[in-house]
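Biologist: I have not seen this structure before. Could you take me through its main features, one question at a time?

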Amino acid sequence: MIAPQDGFSASYAQARVRFLEGAAAAGMAISSHNHPLPGRDGETLAMDVALDGAPDAQRLLIVSSACHGVEGYCGTGVQVFAAHDAEWREHARAAGVAVLYIHALNPHGFSWMRRVTNENVDLNRNFQDFSQPLPVNAAYAELHGLLLPAQWPPGADNQAAIQSYVQTHGLQRFQAAVTQGQHAYPDGLFFGGTAPTWSNQTLRQVLRRHGRSARHLAWIDLHTGLGECGVGERIFACRDDDKALARARAWWGGGGQTPVTSIYDGSSTSALLTGLMWCAAYEECPQAEYTGIAMEYGTVPVTEVIDALRADHWLHLHPEAPPAQRAEIKQRILAAFYVDTDEWKARIVAQARQAMFQAVDGLAASA
Ligand SMILES: [Zn+2]
């Protein structure tokens, strides 16, 4: 076992090495899916997959990180800690549960400290049926020009206009308008894309390869950036299905935790979203009974998260920005999705570990 803070890394490249070393030392079967583009320091980018357990296990738990790139600074810490956690590994093994760690679902965003993929796409809005008309987000269209002004930092007029929107419609409506996803502005925020991204297609391959034997499939997808600092909100990550919600609440609702929240009944701090990543579990592993949550850890207030994302998207559109400003914006986006203190990291690992034990117990009890 390592200290909780020792699983966390200062860059994608370091996180990748620690993950691969931890998985290899534990004797896990590793496969790597290389990304076509290089990372920030010229390093190879990959979605790395490590399986701890039998390839044909009927009960499979997926623990994944960096769906939203920069959020991988958190998720990778959980995965590296787990690879060194003998008690956890023995608990899963004894229960007949195989654990599939997917490291860096979106390695490009992780390395470049962006929330989005190299296609500027929010991976967790990208799992739409692109043969059908895509959802329209009219409220985002109203805000797009304000969110991405020509100059950064934005002027007083811009700030007053955003303030006025929030005062008129409320913070919740503002958050929903910005974050629920949009498919009309490829350079905008929370763009869901108009085709499957590299990460979407690669994840589907991984699920087909590793998820087709499972009769019972669970998934804990690690996120940051919403809610109270250091608290992991367990957000129901299945279709709007009462049986699955009851199962998720039975597995993950105990142990003094707040109940599993849902975007379908308004109990989550997250807005109602579409095109969500775990839709792929149903499509690629149709034989399995699927139960999942997103662990959403709080960092800083949501308005600061949105402002950090605005700055990062502005920077992406303005490569001519001076180095000092670039560094300041990158520091800001990292701080919006990762709290670099031992206390925060210990809380992250403890809550993830509890959710992982609960998932194994839930899978083991499934008939
Ligand atoms: Zn996220």
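This is a predicted model: local features need pLDDT of at least 70, side-chain atom pairs count only at pLDDT 80 or more; totals for chains, interfaces and linings use all residues.

Biologist: Which radius of gyration does the protein have, and what would a compact globule have?
Modeller: For 367 residues, a compact globule would have a radius of gyration near 21 Å, and the value for the protein agrees with this. Along the principal axes, the C-alpha trace spans about 60 × 45 × 40 Å. The radius of gyration of the protein is 20 Å.

Biologist: What share of the residues is buried?
Modeller: A residue is counted as buried if 20 or more other C-beta atoms lie within 10 Å of its own. Applied to the 367 residues of the protein, this gives a buried share of 49%.

Biologist: Among contacts between residues at least 6 apart in sequence, what percentage joins residues at least 24 apart?
Modeller: The contacts considered here are those in the protein between residues at least 6 apart in sequence. Of these, the share that joins residues at least 24 apart is 81%.

Biologist: In what order do the strands of the sheet lie?
Modeller: The sheet is open, has 7 strands and shows mixed pairing. Strand 1 (29-38) and strand 6 (232-236) each pair on one side only, and they are the edge strands. Neighbouring strands are turned by 20° against each other on average, direction ignored. The order is 1-2-4-3-5-7-6.

Biologist: Which residue of strand 2 stands opposite Pro38?
Modeller: Strand 1 and strand 2 (residues 44-52) run antiparallel and are joined by 7 bridges. Within strand 2, the residue opposite Pro38 is Thr44.

Biologist: Is the pairing of strand 3 and strand 4 parallel or antiparallel?
Modeller: Strands of a sheet can pair in either sense through backbone hydrogen bonds. On one side, strand 2 and strand 4 pair in the antiparallel sense over 5 bridges, with His103 as the bridge partner of Asp48. Strand 3 has 6 bridges to strand 4, and Leu61 stands opposite Val99 there. The sense of the pairing between strand 3 and strand 4 is parallel.

Biologist: How many residues of strand 4 are buried?
Modeller: One side of strand 4 carries Val97, Val99, Tyr101 and His103, and the other carries Ala98, Leu100 and Ile102. Both faces are covered. The number of buried residues in strand 4 (residues 97-103) is 7 of 7.

Biologist: Why is strand 6 described as largely enclosed by the rest of the structure?
Modeller: Strand 6 is an edge strand, and its pairing with strand 7 is antiparallel over 5 bridges. Gly232, Arg234 and Phe236 point one way, whereas Glu233 and Ile235 point the other way, and all are buried. Strand 6 is largely enclosed because its buried residues number 5 of 5.

Biologist: What angle does helix 9 make with strand 7?
Modeller: Helix 9 (residues 242-252) packs on the sheet and touches both strand 6 and strand 7 (289-298). The angle between the directions of helix 9 and strand 7 is about 55°.

Biologist: How far apart are the C-alpha centres of domain 1 and domain 2?
Modeller: Domain 1 comprises 4-127 + 193-299 + 338-365, and domain 2 comprises 138-179 + 303-334. Their contact takes 8 residues from domain 1 and 9 residues from domain 2. On the side of domain 1, these residues divide into 5 nonpolar, 1 polar and 2 charged. The C-alpha centres of the two domains are separated by 28 Å.

Biologist: Is Glu71 buried or exposed?
Modeller: Glu71 is found in the loop between strand 3 (59-64) and helix 2 (72-83). Among the residues that Glu71 touches are Ala66, Arg115 and Phe337. Since Glu71 has 27 C-beta neighbours inside 10 Å, Glu71 counts as buried.

Biologist: What is the phi of Ala66?
Modeller: Ala66 is in the loop between strand 3 and helix 2 and is buried, with 32 other C-beta atoms within 10 Å. Although Ala66 is not a glycine, its phi is positive, at about 65°.

Biologist: Which residues does the cis peptide bond join?
Modeller: The loop between helix 5 (138-147) and helix 6 (156-169) contains Pro153. With omega at about 0°, the cis peptide bond joins Trp152 and Pro153.

Note on methods:
Residues are numbered from 1 along each chain as its sequence is written. Two strands pair if DSSP finds at least two bridges between them. Helices (H or I, at least four residues) and strands (E, at least two) are DSSP runs, numbered from the N terminus. Axes are lines fitted to C-alpha atoms, for helices over the stretch in contact, and angles run from 0 to 180 degrees between N-to-C directions. Two residues are in contact if their C-beta atoms, placed from the backbone, lie within 7 Å. The radius of gyration is taken over C-alpha atoms; the globule rule is 2.2 Å times the number of residues to the power 0.38. A residue is buried if 20 or more other C-beta atoms lie within 10 Å of its own, exposed if 12 or fewer, and partly exposed in between; C-beta atoms are placed from the backbone. Domain bounds come from an automatic or database domain assignment. Ala, Val, Leu, Ile, Met, Phe, Trp, Tyr, Cys and Pro count as nonpolar, Asp, Glu, Lys and Arg as charged, and the others, Gly among them, as polar. Lists of a residue's contacts leave out its neighbours within four places in sequence.
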